[in-house]
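Here are some notes to read alongside the structure. Please keep the model open while going through the points.

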Amino acid sequence: MKARFETQAIHVGSEPDPLTGAVIPPIHLTSTYAQESPGVHKGYDYSRADNPTREKYEQALAALEGAKYATAFSSGVAATSAVATLLSPGDHVICSDDTYGGTYRLFEKVYKKYGIEFSYVDTSNLKNIKLKKNTKLIWVETPSNPLMKISDIKGIASKKEDALLVVDNTFSSPYLLQPHTFGADIVIHSATKYLGGHSDLIGGAATTNDKKLFEEFKFIQKAVGAVPSPLDCYLAHRGIKTLALRMKAHSENGQRVAEFLAEHPKITKVFYPGLPSHPGHEIAKKQMRAFSGMVSFEFNGNVKGLISNMKYFTLAESLGGIESLVNHPASMTHASIPPAELKRRGIGHNLVRLSVGVEHPDDLLDDLSSVLSKY
Ligand code: P1T
(Lines give C-alpha, C1' and ligand atoms only; values in the text may rest on other atoms or scores of the structure.)
Protein backbone atom coordinates (compact mmCIF):
# COMPACT_ATOMS: atom_id res chain seq x y z
CA MET A 1 0.00 0.00 0.00
CA LYS A 2 1.25 3.47 -0.87
CA ALA A 3 2.34 5.42 2.17
CA ARG A 4 0.36 8.49 3.15
CA PHE A 5 1.52 12.09 2.69
CA GLU A 6 3.07 12.61 6.14
CA THR A 7 4.95 9.30 5.93
CA GLN A 8 6.24 9.98 2.44
CA ALA A 9 7.38 13.47 3.49
CA ILE A 10 9.59 11.90 6.14
CA HIS A 11 10.80 8.76 4.37
CA VAL A 12 11.04 9.30 0.61
CA GLY A 13 14.62 10.22 -0.25
CA SER A 14 15.63 9.96 3.41
CA GLU A 15 16.80 6.38 3.65
CA PRO A 16 19.79 5.91 6.02
CA ASP A 17 23.17 6.40 4.37
CA PRO A 18 24.36 2.96 3.10
CA LEU A 19 28.02 3.76 3.83
CA THR A 20 27.74 4.81 7.47
CA GLY A 21 24.17 4.12 8.56
CA ALA A 22 23.66 7.82 9.29
CA VAL A 23 19.91 8.24 9.71
CA ILE A 24 20.09 11.64 8.06
CA PRO A 25 21.90 11.30 4.72
CA PRO A 26 24.99 13.52 4.42
CA ILE A 27 25.01 16.79 2.50
CA HIS A 28 27.11 16.24 -0.61
CA LEU A 29 28.96 19.54 -0.69
CA THR A 30 30.98 18.79 -3.77
CA SER A 31 31.17 20.39 -7.18
CA THR A 32 32.79 17.43 -8.93
CA TYR A 33 33.41 13.66 -8.71
CA ALA A 34 36.49 11.48 -9.18
CA GLN A 35 36.45 9.35 -12.34
CA GLU A 36 38.34 6.05 -12.73
CA SER A 37 38.99 6.80 -16.37
CA PRO A 38 37.23 9.32 -18.65
CA GLY A 39 33.49 8.71 -18.43
CA VAL A 40 33.83 5.89 -15.90
CA HIS A 41 32.36 7.04 -12.57
CA LYS A 42 29.70 6.26 -9.97
CA GLY A 43 26.89 8.00 -11.87
CA TYR A 44 27.89 11.59 -11.05
CA ASP A 45 30.32 13.74 -12.98
CA TYR A 46 29.55 17.38 -12.05
CA SER A 47 27.13 18.87 -9.51
CA ARG A 48 25.38 21.21 -11.96
CA ALA A 49 24.21 18.09 -13.77
CA ASP A 50 23.57 15.81 -10.78
CA ASN A 51 24.12 15.83 -7.04
CA PRO A 52 22.99 13.13 -4.57
CA THR A 53 21.56 15.65 -2.07
CA ARG A 54 19.55 17.32 -4.84
CA GLU A 55 18.39 13.96 -6.16
CA LYS A 56 17.03 12.88 -2.76
CA TYR A 57 15.19 16.17 -2.37
CA GLU A 58 13.72 15.83 -5.87
CA GLN A 59 12.49 12.32 -5.07
CA ALA A 60 10.70 13.64 -1.99
CA LEU A 61 9.18 16.56 -3.92
CA ALA A 62 7.86 14.30 -6.68
CA ALA A 63 6.29 11.96 -4.12
CA LEU A 64 4.53 14.81 -2.33
CA GLU A 65 3.08 16.23 -5.54
CA GLY A 66 1.94 12.74 -6.56
CA ALA A 67 4.17 13.11 -9.62
CA LYS A 68 6.71 10.81 -11.22
CA TYR A 69 9.39 13.44 -11.65
CA ALA A 70 10.67 16.61 -9.98
CA THR A 71 13.41 19.00 -11.05
CA ALA A 72 14.86 21.47 -8.55
CA PHE A 73 15.88 24.98 -9.56
CA SER A 74 17.68 27.80 -7.81
CA SER A 75 14.52 29.87 -7.28
CA GLY A 76 10.81 29.91 -8.05
CA VAL A 77 11.51 32.38 -10.84
CA ALA A 78 14.12 29.99 -12.29
CA ALA A 79 11.48 27.22 -12.29
CA THR A 80 9.03 29.59 -14.05
CA SER A 81 11.72 30.44 -16.56
CA ALA A 82 12.44 26.73 -17.17
CA VAL A 83 8.77 26.26 -18.10
CA ALA A 84 8.89 29.31 -20.39
CA THR A 85 11.85 27.83 -22.29
CA LEU A 86 9.44 25.13 -23.55
CA LEU A 87 7.88 27.87 -25.73
CA SER A 88 8.83 29.04 -29.21
CA PRO A 89 8.37 32.37 -31.00
CA GLY A 90 4.73 32.74 -32.07
CA ASP A 91 3.34 30.73 -29.14
CA HIS A 92 0.54 32.13 -27.01
CA VAL A 93 0.18 31.85 -23.23
CA ILE A 94 -2.96 32.37 -21.14
CA CYS A 95 -1.89 33.54 -17.70
CA SER A 96 -3.88 34.28 -14.54
CA ASP A 97 -4.28 38.04 -14.17
CA ASP A 98 -3.29 37.79 -10.52
CA THR A 99 0.18 36.29 -10.07
CA TYR A 100 3.39 37.06 -8.24
CA GLY A 101 4.78 40.32 -9.72
CA GLY A 102 8.03 38.60 -10.71
CA THR A 103 6.12 36.14 -12.91
CA TYR A 104 4.54 39.03 -14.83
CA ARG A 105 7.94 40.77 -15.04
CA LEU A 106 9.63 37.63 -16.39
CA PHE A 107 6.95 37.09 -19.04
CA GLU A 108 6.66 40.75 -20.08
CA LYS A 109 10.28 41.89 -19.82
CA VAL A 110 12.16 38.74 -20.81
CA TYR A 111 10.05 36.28 -22.82
CA LYS A 112 7.81 38.71 -24.72
CA LYS A 113 10.78 40.01 -26.67
CA TYR A 114 11.36 36.51 -28.04
CA GLY A 115 7.97 36.70 -29.80
CA ILE A 116 5.83 34.95 -27.19
CA GLU A 117 2.35 36.39 -26.70
CA PHE A 118 0.77 36.62 -23.23
CA SER A 119 -2.92 37.20 -22.36
CA TYR A 120 -3.68 37.96 -18.70
CA VAL A 121 -7.19 36.84 -17.81
CA ASP A 122 -9.16 36.07 -14.68
CA THR A 123 -8.72 32.28 -14.66
CA SER A 124 -11.07 31.99 -11.67
CA ASN A 125 -13.86 32.31 -14.25
CA LEU A 126 -13.81 29.35 -16.67
CA LYS A 127 -15.49 31.48 -19.36
CA ASN A 128 -12.23 33.42 -19.69
CA ILE A 129 -10.25 30.35 -20.82
CA LYS A 130 -10.42 31.02 -24.55
CA LEU A 131 -7.81 29.10 -26.50
CA LYS A 132 -6.30 30.50 -29.68
CA LYS A 133 -4.79 28.29 -32.38
CA ASN A 134 -1.32 29.03 -31.03
CA THR A 135 -2.09 28.68 -27.29
CA LYS A 136 0.62 26.39 -25.93
CA LEU A 137 0.44 27.04 -22.23
CA ILE A 138 -2.08 28.01 -19.55
CA TRP A 139 -0.42 29.43 -16.43
CA VAL A 140 -2.55 29.37 -13.29
CA GLU A 141 -1.83 30.55 -9.78
CA THR A 142 -4.34 29.33 -7.15
CA PRO A 143 -4.80 30.81 -4.57
CA SER A 144 -3.35 33.74 -6.49
CA ASN A 145 -0.86 36.28 -5.21
CA PRO A 146 -2.02 38.62 -3.66
CA LEU A 147 -5.82 38.52 -4.19
CA MET A 148 -6.33 34.81 -3.33
CA LYS A 149 -8.44 34.08 -6.41
CA ILE A 150 -9.29 30.41 -6.75
CA SER A 151 -9.12 28.73 -10.16
CA ASP A 152 -10.90 25.46 -10.89
CA ILE A 153 -8.00 23.25 -12.04
CA LYS A 154 -10.20 20.36 -13.18
CA GLY A 155 -12.45 22.74 -15.11
CA ILE A 156 -9.49 24.41 -16.85
CA ALA A 157 -7.91 20.99 -17.62
CA SER A 158 -11.14 19.98 -19.39
CA LYS A 159 -10.78 23.00 -21.72
CA LYS A 160 -7.05 22.94 -22.37
CA GLU A 161 -6.96 20.74 -25.50
CA ASP A 162 -3.26 20.41 -26.49
CA ALA A 163 -2.04 23.27 -24.33
CA LEU A 164 0.03 22.51 -21.25
CA LEU A 165 -1.64 23.39 -17.97
CA VAL A 166 0.85 24.75 -15.45
CA VAL A 167 -0.14 25.42 -11.85
CA ASP A 168 2.01 27.52 -9.55
CA ASN A 169 1.26 25.70 -6.28
CA THR A 170 3.35 27.95 -4.03
CA PHE A 171 0.46 29.33 -1.94
CA SER A 172 -1.08 25.92 -1.20
CA SER A 173 1.89 23.56 -1.05
CA PRO A 174 1.29 19.92 -2.02
CA TYR A 175 -0.19 19.17 1.40
CA LEU A 176 -3.21 21.36 0.68
CA LEU A 177 -3.48 20.90 -3.09
CA GLN A 178 -2.12 18.37 -5.60
CA PRO A 179 -2.79 19.93 -9.01
CA HIS A 180 -1.65 16.84 -10.97
CA THR A 181 -4.62 14.90 -9.58
CA PHE A 182 -6.92 17.50 -11.21
CA GLY A 183 -5.18 17.39 -14.60
CA ALA A 184 -2.24 19.81 -14.37
CA ASP A 185 0.67 18.83 -16.65
CA ILE A 186 3.29 20.77 -14.73
CA VAL A 187 3.33 22.07 -11.16
CA ILE A 188 5.84 24.69 -10.15
CA HIS A 189 6.90 25.99 -6.76
CA SER A 190 8.80 28.70 -5.11
CA ALA A 191 10.41 26.33 -2.58
CA THR A 192 11.51 29.50 -0.79
CA LYS A 193 8.03 29.57 0.75
CA TYR A 194 6.03 26.75 2.41
CA LEU A 195 8.24 23.89 1.17
CA GLY A 196 11.36 25.26 2.87
CA GLY A 197 9.11 26.82 5.49
CA HIS A 198 11.73 28.65 7.56
CA SER A 199 12.69 31.69 5.43
CA ASP A 200 16.28 30.51 5.18
CA LEU A 201 16.66 29.53 1.52
CA ILE A 202 15.76 30.45 -2.06
CA GLY A 203 14.62 27.58 -4.26
CA GLY A 204 12.20 26.42 -6.93
CA ALA A 205 10.95 23.23 -8.51
CA ALA A 206 8.88 21.79 -11.35
CA THR A 207 7.07 18.43 -11.21
CA THR A 208 5.44 16.41 -13.98
CA ASN A 209 4.26 12.92 -14.88
CA ASP A 210 5.43 13.30 -18.47
CA LYS A 211 8.84 11.74 -19.16
CA LYS A 212 9.50 13.97 -22.16
CA LEU A 213 8.79 17.14 -20.19
CA PHE A 214 10.97 15.86 -17.36
CA GLU A 215 13.83 15.24 -19.80
CA GLU A 216 13.44 18.80 -21.09
CA PHE A 217 13.55 20.17 -17.53
CA LYS A 218 16.62 18.05 -16.75
CA PHE A 219 18.27 19.44 -19.85
CA ILE A 220 17.39 23.04 -18.94
CA GLN A 221 18.61 22.46 -15.38
CA LYS A 222 22.03 21.51 -16.72
CA ALA A 223 22.21 23.70 -19.82
CA VAL A 224 20.96 26.93 -18.23
CA GLY A 225 22.46 26.10 -14.84
CA ALA A 226 19.99 27.67 -12.41
CA VAL A 227 20.56 24.94 -9.82
CA PRO A 228 20.15 25.09 -6.05
CA SER A 229 23.20 24.41 -3.89
CA PRO A 230 23.40 21.10 -2.00
CA LEU A 231 22.96 23.02 1.26
CA ASP A 232 19.75 24.68 0.01
CA CYS A 233 18.49 21.28 -1.21
CA TYR A 234 19.18 19.83 2.24
CA LEU A 235 17.36 22.71 3.96
CA ALA A 236 14.34 22.44 1.65
CA HIS A 237 14.24 18.66 2.08
CA ARG A 238 14.44 19.06 5.85
CA GLY A 239 11.65 21.64 5.64
CA ILE A 240 9.21 19.42 3.78
CA LYS A 241 9.42 16.74 6.46
CA THR A 242 7.23 18.98 8.65
CA LEU A 243 5.11 20.37 5.81
CA ALA A 244 1.88 18.66 6.91
CA LEU A 245 2.26 19.83 10.51
CA ARG A 246 3.05 23.36 9.45
CA MET A 247 0.30 23.65 6.83
CA LYS A 248 -2.33 22.53 9.36
CA ALA A 249 -1.14 25.21 11.78
CA HIS A 250 -0.82 27.90 9.05
CA SER A 251 -4.35 27.11 7.86
CA GLU A 252 -5.87 27.17 11.35
CA ASN A 253 -4.17 30.47 12.13
CA GLY A 254 -5.03 31.89 8.68
CA GLN A 255 -8.70 31.09 9.25
CA ARG A 256 -8.67 32.74 12.71
CA VAL A 257 -6.97 35.87 11.37
CA ALA A 258 -9.30 36.09 8.34
CA GLU A 259 -12.41 35.73 10.54
CA PHE A 260 -11.08 38.37 12.96
CA LEU A 261 -10.37 40.83 10.13
CA ALA A 262 -13.74 40.17 8.45
CA GLU A 263 -15.47 41.28 11.68
CA HIS A 264 -13.24 44.30 12.29
CA PRO A 265 -14.96 47.66 11.62
CA LYS A 266 -11.81 49.27 10.14
CA ILE A 267 -11.30 46.55 7.51
CA THR A 268 -13.31 47.03 4.33
CA LYS A 269 -12.53 43.75 2.53
CA VAL A 270 -10.84 40.43 3.33
CA PHE A 271 -9.48 38.01 0.73
CA TYR A 272 -9.28 34.46 2.11
CA PRO A 273 -10.68 31.32 0.43
CA GLY A 274 -11.63 29.83 3.80
CA LEU A 275 -14.35 32.46 4.29
CA PRO A 276 -17.75 31.28 2.99
CA SER A 277 -18.20 34.76 1.47
CA HIS A 278 -15.14 34.26 -0.80
CA PRO A 279 -16.30 33.72 -4.40
CA GLY A 280 -13.95 30.72 -4.78
CA HIS A 281 -14.85 29.09 -1.44
CA GLU A 282 -16.79 26.14 -2.90
CA ILE A 283 -14.10 25.29 -5.49
CA ALA A 284 -11.40 25.71 -2.85
CA LYS A 285 -13.27 23.30 -0.57
CA LYS A 286 -13.36 20.74 -3.38
CA GLN A 287 -9.73 20.92 -4.45
CA MET A 288 -7.90 21.93 -1.27
CA ARG A 289 -7.48 20.17 2.07
CA ALA A 290 -7.51 23.50 3.97
CA PHE A 291 -7.05 27.15 3.01
CA SER A 292 -3.43 28.04 3.83
CA GLY A 293 -2.03 30.95 5.81
CA MET A 294 -2.19 33.70 3.21
CA VAL A 295 -4.70 36.48 3.93
CA SER A 296 -5.06 39.86 2.21
CA PHE A 297 -7.24 42.76 3.24
CA GLU A 298 -8.09 46.33 2.36
CA PHE A 299 -7.55 49.06 4.94
CA ASN A 300 -8.44 52.64 4.10
CA GLY A 301 -6.55 54.30 6.97
CA ASN A 302 -2.82 54.92 7.52
CA VAL A 303 -1.53 51.77 5.75
CA LYS A 304 2.14 52.67 6.16
CA GLY A 305 1.71 53.19 9.90
CA LEU A 306 -0.26 49.98 10.26
CA ILE A 307 2.18 47.69 8.48
CA SER A 308 5.34 49.27 9.93
CA ASN A 309 4.31 48.90 13.57
CA MET A 310 3.22 45.32 14.09
CA LYS A 311 4.89 43.28 16.80
CA TYR A 312 4.88 39.77 15.37
CA PHE A 313 4.14 40.43 11.67
CA THR A 314 7.50 41.54 10.29
CA LEU A 315 7.30 43.89 7.31
CA ALA A 316 9.08 41.91 4.59
CA GLU A 317 8.70 40.36 1.16
CA SER A 318 8.17 36.58 0.88
CA LEU A 319 5.81 34.25 2.70
CA GLY A 320 5.31 30.71 3.92
CA GLY A 321 7.80 30.74 6.80
CA ILE A 322 6.95 29.78 10.36
CA GLU A 323 7.08 33.48 11.35
CA SER A 324 4.32 35.90 10.38
CA LEU A 325 5.06 38.53 7.74
CA VAL A 326 3.20 41.54 6.43
CA ASN A 327 3.68 42.90 2.92
CA HIS A 328 2.42 45.84 0.87
CA PRO A 329 1.98 44.34 -2.63
CA ALA A 330 1.65 47.63 -4.56
CA SER A 331 5.05 48.91 -3.39
CA MET A 332 6.88 45.66 -2.62
CA THR A 333 6.20 42.24 -4.21
CA HIS A 334 4.15 43.61 -7.12
CA ALA A 335 5.99 46.91 -7.68
CA SER A 336 7.33 45.64 -11.03
CA ILE A 337 3.78 45.73 -12.45
CA PRO A 338 3.01 49.11 -14.08
CA PRO A 339 0.51 51.30 -12.11
CA ALA A 340 -2.26 51.04 -14.75
CA GLU A 341 -2.01 47.24 -14.75
CA LEU A 342 -2.01 47.17 -10.92
CA LYS A 343 -5.19 49.25 -11.00
CA ARG A 344 -6.81 46.93 -13.56
CA ARG A 345 -5.99 43.97 -11.32
CA GLY A 346 -7.43 45.64 -8.22
CA ILE A 347 -4.16 45.94 -6.31
CA GLY A 348 -4.44 49.31 -4.61
CA HIS A 349 -2.37 51.21 -2.07
CA ASN A 350 -4.92 50.06 0.54
CA LEU A 351 -4.15 46.36 0.00
CA VAL A 352 -2.17 44.54 2.71
CA ARG A 353 -1.02 40.91 2.51
CA LEU A 354 -0.32 38.74 5.55
CA SER A 355 1.62 35.51 5.64
CA VAL A 356 0.19 34.10 8.85
CA GLY A 357 2.82 32.09 10.72
CA VAL A 358 2.53 29.34 13.30
CA GLU A 359 2.86 31.48 16.43
CA HIS A 360 0.04 31.20 18.99
CA PRO A 361 -3.02 32.63 17.19
CA ASP A 362 -4.11 34.68 20.21
CA ASP A 363 -0.80 36.59 20.10
CA LEU A 364 -1.31 37.29 16.40
CA LEU A 365 -4.87 38.54 17.02
CA ASP A 366 -3.66 40.70 19.94
CA ASP A 367 -1.00 42.20 17.65
CA LEU A 368 -3.53 42.98 14.89
CA SER A 369 -6.07 44.31 17.36
CA SER A 370 -3.52 46.58 18.99
CA VAL A 371 -2.11 48.02 15.77
CA LEU A 372 -5.61 48.50 14.30
CA SER A 373 -6.61 50.51 17.36
CA LYS A 374 -3.75 52.95 16.67
CA TYR A 375 -4.06 53.55 12.91
O1 P1T B 1 11.23 34.21 -5.02
P2 P1T B 1 11.30 32.96 -5.83
O3 P1T B 1 11.73 31.75 -5.04
O4 P1T B 1 12.08 33.13 -7.10
O5 P1T B 1 9.79 32.60 -6.25
C6 P1T B 1 9.03 33.35 -7.15
C7 P1T B 1 7.56 33.16 -6.88
C8 P1T B 1 6.84 32.29 -7.69
N9 P1T B 1 5.53 32.07 -7.48
C10 P1T B 1 4.87 32.65 -6.47
C11 P1T B 1 3.42 32.39 -6.27
C12 P1T B 1 5.54 33.52 -5.60
O13 P1T B 1 4.86 34.08 -4.61
C14 P1T B 1 6.93 33.78 -5.81
C15 P1T B 1 7.69 34.72 -4.95
N16 P1T B 1 6.91 35.57 -4.16
C17 P1T B 1 7.36 36.47 -3.26
C18 P1T B 1 8.64 36.71 -3.02
C19 P1T B 1 6.29 37.20 -2.54
O20 P1T B 1 6.54 37.77 -1.47
O21 P1T B 1 5.15 37.19 -3.02
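This is a predicted model: local features need pLDDT of at least 70, side-chain atom pairs count only at pLDDT 80 or more; totals for chains, interfaces and linings use all residues.

1. A polar contact is a pair of N or O atoms within 3.5 Å.

2. In Asp168, an N or O atom of the side chain is 2.7 Å from a nitrogen atom of the ligand. In Arg353, a side-chain N or O atom is 2.8 Å from an oxygen atom of the ligand. As for cover, the ligand on its own has 480 Å² of accessible area, and the protein covers 94% of it.

3. Which residues come nearest to the ligand? There are 18 residues around the ligand, and the nearest are Asp168, Ser190, Thr192, Ser318 and Arg353.

4. Sorted by class, the shell around the ligand holds 9 polar, 5 charged and 4 nonpolar residues. The ligand takes up the space of the largest pocket.

5. Now step back to the whole protein. The protein is divided into two parts, domain 1 (5–241) and domain 2 (243–374). Their C-alpha centres lie 25 Å apart. Where they meet, 41 residues of domain 1 are in contact with 43 residues of domain 2.

6. From which domains does the shell around the ligand draw its residues? Domain 1 and domain 2 each supply at least three residues. When looking at the ligand, then, view it with both domains shown.

Methods:
Residues are numbered from 1 along each chain as its sequence is written. Side-chain values use heavy atoms; hydrogens and water are left out. A residue is near a molecule or strand if one of its heavy atoms lies within 4 Å of it. A polar contact is a pair of N or O atoms within 3.5 Å; within protein, one must be able to donate a hydrogen and the other to accept it, and residues adjacent in sequence count only if both atoms are side-chain atoms. Accessible areas come from the Shrake-Rupley method with a 1.4 Å probe; for residues, only the protein chains shown count as cover. On a 1 Å grid over the protein atoms alone, a cavity is a set of points where a 1.4 Å probe fits but cannot get out, and a pocket is an open set with protein on both sides within 12 Å along at least five of seven lines; lining residues have an atom within 4 Å of a point. A molecule sits in a cavity or pocket if more than half of its atoms lie within 2 Å of its grid points. Ala, Val, Leu, Ile, Met, Phe, Trp, Tyr, Cys and Pro count as nonpolar, Asp, Glu, Lys and Arg as charged, and the others, Gly among them, as polar. Domain bounds come from an automatic or database domain assignment. Contact means heavy atoms within 4.5 Å.
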